[in-house]
Amino acid sequence: MKVLIVDDEEMIRGVLREYVEFEGGTAYEAADGMQAVKLCREQDFDIILMDVMMPRLDGFSAVKEIKKVKDIPVIMLSARGEEYDKLFGFEIGVDDYVTKPFSPKEVMARINAVIKRSHGEESKKDVLHFEGLTIDMAGRNVYVDGEKAELTPKEYEILFYFVKNKGIALTREKLLLDVWGFDFYGDDRTVDTHIKMLRSNLKQYRKFIVTLRGLGYKFEV
């Protein structure tokens, strides 16, 4: 079990590290959101313990950045217990929420529960089928009528993002923000160009990517 502990308080990181290692896991540490995003881009983790209030990049913003590249379960750690904080966390994909001060034993129990739940969900959703289009989310493979489609990394990201937001109208601006990221400088034509190439590679199943005139796109089956 690889656990990334993200908190600007060294003492809290140390306590959690001790409990993770006691249960046979491996703990990695980050002192702020920027470090956490960098670590997640470089390697995989089974779960992230993410503080909310941190310098440089707060926990919510860090989770949003990480979710663009990796689907890693997240438990938020926060001294703030307001309901709207929790609701916002769940909206961006957080799996659980622990309010400080907390019992390390309780955090470990929640870690084990979230990992068990996420592994069960992954086994069901790893491979998706839409008529003759097969999408292997974990393996990052796409098959068109049994033949592997050669997609660029960005085309994979776009397609997986479409699938995760199936049936939802997505503006070009949202695609730019969520797929390319906050540090990208470009325009709407970038989105259109990549989707044109993706559609070409999907052949007859390009029909699932529907153009919404004047707005953007939608993955509709």
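## Overall size and make-up

Along the principal axes, the C-alpha atoms fill a box of roughly 55 × 35 × 30 Å.

Please keep in mind that this is a predicted model: local features need pLDDT of at least 70, side-chain atom pairs count only at pLDDT 80 or more, and totals for chains, interfaces and linings use all residues. Residues are numbered from 1 along each chain as its sequence is written, and side-chain values use heavy atoms, with hydrogens and water left out.

The protein has 8 helices and 12 strands; these are DSSP runs numbered from the N terminus, with helices being H or I of at least four residues and strands E of at least two.

## Burial and contacts

Of the 221 residues, 46% count as buried, meaning under 20% relative accessible area with a 1.4 Å probe and protein chains only (exposed is over 50%, partly exposed in between). Among contacts (heavy atoms within 4.5 Å) between residues at least 6 apart in sequence, 55% join residues at least 24 apart.

Helix α7 (residues 172-180) has Arg172, Leu175, Leu176, Asp178, Val179 and Trp180 as its buried residues. Gly181 follows α7 and has a positive phi, near 100°.

## Aromatic pairs

Searching the whole structure turns up 7 aromatic pairs. Rings of Phe, Tyr and Trp (its six-membered ring) pair if their centres lie within 6.5 Å; planes under 30 degrees apart count as stacked, over 60 as edge-to-face and the rest as tilted. One of the pairs is Tyr156 with Phe160, tilted, at 5.9 Å centre to centre and 40° between the planes. These two residues are 4 apart in helix α6 (residues 153-164), so about one helical turn separates them. Tyr156 and Phe160 are both buried.

Phe208 and Phe219 make another tilted pair, with 5.9 Å between centres and 55° between the planes. Phe208 lies in the loop between α8 (188-202) and β11 (209-212), and Phe219 in strand β12 (residues 216-219), so the pair ties together parts 11 residues apart in sequence. Phe208 is buried at 2% relative accessible area, and Phe219 is buried at 0%. Ring pairs also link Phe130, Tyr205, Phe208 and Phe219 into a cluster.

## A charge over a ring

The charged end of Lys2 sits over the ring of Phe45, 5.3 Å from its centre. The criterion here is NZ of Lys or CZ of Arg within 6 Å of the ring centre and within 35 degrees of the ring normal.
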